[in-house]
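Hi,

Here is the structure I promised to pass on to you.

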Amino acid sequence: MEFKDITEFVHRLYGTEETVPLSVPRFVGNEKKYLEECIDSTFVSSVGAFVDRFEEEMARYTGASRAVVCVNGTEALHMALMLCGVERGDEVLTQPLTFIATCNAVSYIGACPVFIDVDRDTLGLSPSALKAWLEKNAKVEGGVCRNKKSGRRVKACVPMHTFGHPVRIDEIAEICSEWGLALVEDAAESIGSFFNGRHTGTFGEVGAISFNGNKTITTGGGGMMLFRDAELGAKAKHLTTQAKIPHRWEFRHDSVGYNYRMPNINAALGCAQLEHLEEFVESKRRVAAEYAGFFDGQEDFVFFTEPEGCRSNYWLNAVILKDRTSRDAFLEYTNDHGVMTRPVWELMTDLPMFEHFESDGTPNARWLADRIVNLPSSVRP
Ligand SMILES: *Cc1c(COP(=O)(O)O)cnc(C)c1O
């Protein structure tokens, strides 16, 4: 298969001769209507009917006990880790193949990421690598998991559902409860993705979702935390609202809080987008099916398909090339010929602020990072 066949295919797929972007938002519903309602009501800021409605509808859609909006996905992760009791000097187990926000959130607290390898067939945190690392390096004493070498408390685990494909979250959840680790799912990319019929982000203490402009649905910028414990959700609401005790006129705050609220205009956009989420995911899955058919039987281009038992939103389609050299040649050709493609993120273990943290060697992440290319994945008109 020639590179030319692929760029021609993508142009046909999206019915255009113009440059095909990677992932752009789509506004075909009540977005303008709801925004107008916001402006007419003057409730454009952090209090308003759309905020409550967006949270309620997302809780219903995902099956979470409570959903709490916030400014963006990065802060949703930051707050999630704080709510789980992660403190300065703790260790947090996560994957090196992820977007920078996952590790930034750990760093804001002053905690240390520990990088555990991914599975090649999910692109996400490997339960067997996680188990192996814990058995070799950790011990549980008095209910506290500790790194035997560093002496630090190992407090939480943050798997990420890469490109919307669910990780083996049931096995990871089991390992976390066995070792006394809080489970925070980075579900920033996986709204609309289900593992065995259950929405991603609802398996641990907290799941973090992003509504950034390039995600499956957007609020312009925004994030959300999903909770199985409604009380922890209420605490999140409180902390993201300057820890203000609700009162008709008094200003009382009972701890250091954060202004992480999502404005009503953003939530209005979210409500309108959510009405089309299922339709968007179906469209994205049809795009993925077309790619899968096109690349079927190719050895040099293996199209990544959803793990078994999962319904992926196929946020970003991915193809795995034979090596780094062919990946680079492919990136160059496609970007020169009107098809936007991107390599996967540089591994966290290769970045100056994270390279000194512990890792298990992460061979699969390394192998994948050399070979993955993301293909245009937007919802089709
Ligand atoms: C997008 C994303 C985030 C952060 O979301 P923002 O809303 O952009 O802050 C976090 N983690 C992953 C894996 C993401 O893809």
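Strand 12 and strand 14 run antiparallel and are joined by three bridges. One of the pairs to look for is Val302, whose bridge partner in strand 14 is Ile320. Before going further, keep in mind that this is a predicted model.

Strand 14 also has a partner in strand 16: these two pair in the antiparallel sense as well, over four bridges. Here you can find Asn317 standing opposite Leu375 in strand 16. Strand 16 (residues 372-375) is in turn joined to strand 15 by two bridges, again antiparallel, and Arg342 has Asn374 in strand 16 as its bridge partner.

**A covered strand**

Now zoom in on strand 14, residues 317-321. How many of its five residues are buried? Five of the five are. In a regular strand, side chains alternate between the two faces of the sheet. In strand 14 both faces are covered: Asn317, Val319 and Leu321 are buried on one side, and Ala318 and Ile320 are buried on the other.

**Two residues with a positive phi**

Asn196 is not a glycine, yet its phi is positive, at about 50°. You'll find Asn196 in the loop between strand 8 (194-195) and strand 9 (198-199). Thr362 also has a positive phi, near 45°, and lies in the loop between strand 15 and helix 12 (363-371).

Are these two buried or exposed? Asn196 counts as exposed, because its relative accessibility is 55% and the cut-off for exposed is over 50%. Thr362 is buried, with a relative accessible area of 2%, and buried means under 20%.

Ile245 is in the loop between helix 8 (230-239) and helix 9 (264-274). With a relative accessible area of 32%, Ile245 is partly exposed. Leaving out residues up to four places away in sequence, Ile245 touches His238, Arg252 and Asp254. If you follow the chain ten residues from Ile245 you get to Ser255, and the C-alpha atoms of the two are separated by 9.9 Å.

**Zooming out**

The whole protein chain has twelve helices and 16 strands. Its C-alpha trace spans about 65 × 60 × 35 Å along the principal axes. What radius of gyration would a compact globule of 381 residues have? It would be near 21 Å, and the protein chain has 21 Å, so the two agree.

Of the 381 residues, 54% count as buried. Among contacts with a separation of 6 or more, 70% come from residues 24 or more positions apart. As for the surface, the chain exposes about 16100 Å², and carbon and sulfur atoms supply 49% of that. There are 40 positive and 54 negative charges, and their mean positions are 5 Å apart.

Cheers

Terms used. Residues are numbered from 1 along each chain as its sequence is written. This is a predicted model: local features need pLDDT of at least 70, side-chain atom pairs count only at pLDDT 80 or more; totals for chains, interfaces and linings use all residues. Side-chain values use heavy atoms; hydrogens and water are left out. The radius of gyration is taken over C-alpha atoms; the globule rule is 2.2 Å times the number of residues to the power 0.38. Buried means under 20% relative accessible area, exposed over 50%, partly exposed in between (1.4 Å probe, protein chains only). Contact means heavy atoms within 4.5 Å. Accessible areas come from the Shrake-Rupley method with a 1.4 Å probe; for residues, only the protein chains shown count as cover. Lys and Arg count as positive and Asp and Glu as negative; His and the chain ends are not counted. The place of a charge is taken as NZ of Lys, CZ of Arg, CG of Asp or CD of Glu. Two strands pair if DSSP finds at least two bridges between them.
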